[in-house]
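Thank you all for coming. I would like to walk you through one protein chain, so please have the sequence and the model open as I speak.

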Amino acid sequence: MPLPDNIQKKLQALPDKPGVYFMRNRQGKIIYVGKAASLRDRIRNYFRRSTQRSADPKLRGLLHSVQDFDILVCRTEAEATLTEGRMIKDFRPRFNVMLKDDKRFLLLRIQPGEPWPRFDAVRLQKEDGATYLGPYASSAAAWAALEFVERRFGLRRCRPREPGPADHQHCLNDVVRYCSAPCLGKVTAEQYRARVDAACGFLRGEHPEILAEIQQAMEKEAAAQRFEKAAALRDTLLLLRRAVKERALGTRSLALKAADAAAGVAELQQTLGLRRPPRVIEAYDVSNIAGTLAVGSMVCAVDGLPQKTRYRRFRIRTVTGSDDPAMLAEMIRRRYSRLVADHGARPDLVLVDGGLTQLRAARRALDALGLADLPVAGLAKQFEEIYYEGRPAPADDQAARTPPATSQHPPGPAPPAAAPVLRLPAGSRALQVLQRLRDEAHRFALDYHHRLRLRRIRESQLDDVTGIGEKRKETLLRQFGSVARLRRASATESRRQITRRGNYAVHPCQRQCGPAGATAAGAAGRAVADAGRGHPQARKLLPGHVHPRRRAVCGPARTGGFCGRARHWRADA
């Protein structure tokens with residue numbers, strides 16, 4: 001079976017990175033969502049001739065239905081797993097069988113406001129004041145982490161809010177589970193709170209020395225030829241490492257300690273050679289799926305700590321297609337053009353998520369606004385490389401590097417062909433400041449994109465009909481099943497689901513305004529109009545008369561059933 005040209009071109013440009021892919025049919029509807037450790041290898045495997053010959057009937061049916069696909073690159077395989085589950089629940093594709101239920105990935109929750117906090121595993125995150133850690137793509141890693149912190153830090157597992165001696169009569173956790181037994185007064189509230197804080201810090205990855213201790217214990221047991229104990233420690237260590245690594249994908253705490261943040265800011269000034277410490281840093285990132293619902297985010301850190309009151313969201317307006325550098329340039333142009341007009345305070349450093357291409361796009365946008373002295377840096381994901389260019393290109397080089405007029409990038413001088421590339425050690429505090437800010441910008445943009453995607457999923461053609469609200473829309477869709485069935489229904493059938501209550505703003509015109517069912521929601525609109533005829537505020541309008549409330553002319557030149565100017569439905573006479 002020959003492949004469409006669009007699929008062949010996309011197969012050649014696939015990245016060797018983890019991510020999520022979306023298979024679409026001829027109508028553009030998503031029919032399958034999958035994840036991959038390598039998008040290039042996984043998607044190309046679908047379209048091999050051997051796969052199409054030997055595939056099972058379900059896979060052959062999928063391949064015959066696919067006419068296009070999109071990808072969403074993720075940072076890690078665990079993030080791809082979490083994203084896949086969320087996308088399947090959102091789109092509910094036809095060829096996905098798993099993950100369509102209401103289950104979510106595990107989170108670890110603790111209530112810091114309780115007298116004796118305890119951990120428990122949940123699947124839904126609520127706004128209840130609790131601290132949530134996760135979600136964890138591996139449930140085995142989540143349960144292993146929960147078991148370990150309870151044993152290591154002596155946390156209680158019993159359910160009473162304030163355990164006492166009466167609760168201990170039926171409990172042996174202080175004997176078999178290393179519980180600190182607060183019910184018996186063996187530990188004070190301050191000591192227990194310190195244990196809880198240490199356990200939360202370990203789950204956030206703030207105590208790598210604990211993992212080193214397990215590694216040493218495993219090697220010691222192996223040297224003594226106690227291989228069963230060594231194997232058990234090895235399995236525990238692998239699961240804990242996975243759980244600590246996946247902490248970055250959940251609702252982790254973003255606050256750095258003040259001392260570490262200040263040290264990171266000072267180190268960043270020295271590393272980049274800035275004239276003053278970057279006390280205020282603004283970071284930018286974009287999120288989209290093949291150019292659709294393109295959004296961007298700006299997050300801000302002051303003295304290395306995030307300031308959420310300064311966060312901003314952007315809807316991309318001028319860029320078509322998947323062009324991340326152009327989207328970054330649009331955000332920076334909109335942000336700093338307003339800042340220049342209002343004479344606002346400038347940040348000490350601008351950070352973009354990406355490498356040299358994104359850095360150049362940001363540099364051009366700032367130079368075009370006369371902000372050539374504002375330093376810009378880019379942080380690439382793959383090797384955590386820092387691209388930095390604090391000054392514009394020399395005057396004699398600017399003309400040769402000006403982008404063509406057809407480019408989506410803003411006009412202006414381009415930076416030099418190469419920018420300094422820095423690779424800092426993983427433990428560098430300066431790198432950690434940039435990483436946390438970059439990851440926060442990514443989270444903020446992805447969250448906004450997710451909200452818009454859910455809003456589009458819930459959209460219906462019934463939203464365009466005046467007089468039908470959210471509850472009535474749900475009632476109609478629950479009764480008829482879909483807008484297509486509602487379109488085929490008669491006005492009498494749909495009128496049964498419409499009451500006169502709440503239709504005061506519906507003013508039907510008593511003339512024929514085109515064929516019945518001129519829009520997708522024709523039957524519903526006519527039923528709303530008919531329901532409003534008996535209301536005392538309804539007026540009988542003649543062709544060319546003015547609408548009594550909106551003062552809009554409803555004349556015979558109109559076609560179809562919906563009056564766009566008067567925003568009401570024209571019912572049949």
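What you see is a predicted model, in which local features need pLDDT of at least 70 and side-chain atom pairs count only at pLDDT 80 or more, while totals for chains, interfaces and linings use all residues. Residues are numbered from 1 along each chain as its sequence is written, and side-chain values use heavy atoms, with hydrogens and water left out.

First, the overall picture. The protein chain has 20 helices and 16 strands, where helices (H or I, at least four residues) and strands (E, at least two) are DSSP runs numbered from the N terminus. Of its 573 residues, 46% count as buried, and by buried I mean under 20% relative accessible area, with exposed being over 50% and partly exposed in between, using a 1.4 Å probe and protein chains only. A contact means heavy atoms within 4.5 Å, and among contacts between residues at least 6 apart in sequence, 64% join residues at least 24 apart.

The side chains of Asp68 and Asn6 make a polar contact at 3.5 Å. Asp68 belongs to strand 3, which covers residues 68-73, and, if we set aside residues up to four places away in sequence, Asp68 touches Asn6, Ile7, Lys10, Phe22, Met23 and Arg24.

Strand 3 brings us to a sheet. Two strands pair if DSSP finds at least two bridges between them, and here three strands form an open sheet in the order 2-1-3, with antiparallel pairing. Strand 2 (30-36) and strand 3 are the edge strands, each pairing on one side only, and the twist averages 20 degrees from one strand to the next. Strand 1, residues 19-24, is joined to strand 2 by six bridges, and within that pair Tyr21 stands opposite Gly34. Helix 5, residues 77-91, lies across strands 1, 2 and 3, running at about 170 degrees to strand 2; for such angles, axes are lines fitted to C-alpha atoms, for helices over the stretch in contact, and the values run from 0 to 180 degrees between N-to-C directions.

Leu108 has a bridge partner in each, namely Leu133 in strand 6 and Ala121 in strand 5.

Next, a pair of helices. Helix 6 (residues 139-153) and helix 9 (residues 189-203) pack at about 145 degrees, with their axes 10 Å apart. On the helix 6 side, Ala145, Phe148, Val149 and Phe153 meet Arg195, Ala198, Ala199, Phe202 and Leu203 of helix 9.

What is the relative accessible area of Glu221? Glu221, in helix 10 (residues 208-223), has a value of 16% and therefore counts as buried. Its side chain is joined to that of Arg226 by a polar contact of 2.6 Å, and its contacts, leaving aside neighbours within four places in sequence, are Arg226, Lys229, Ala230 and Leu233.

I will finish with Ser297, found in strand 8 (residues 292-302). Ser297 counts as buried because its relative accessibility is 0%. A polar atom of its side chain lies 2.7 Å from the backbone oxygen of Ala441, and, not counting residues up to four places away in sequence, Ser297 touches several residues, among them Ala283, Arg312, Met331 and Phe444.

Technical notes: Polar contact = N/O pair within 3.5 Å; in protein donor to acceptor, adjacent residues only side chain to side chain.
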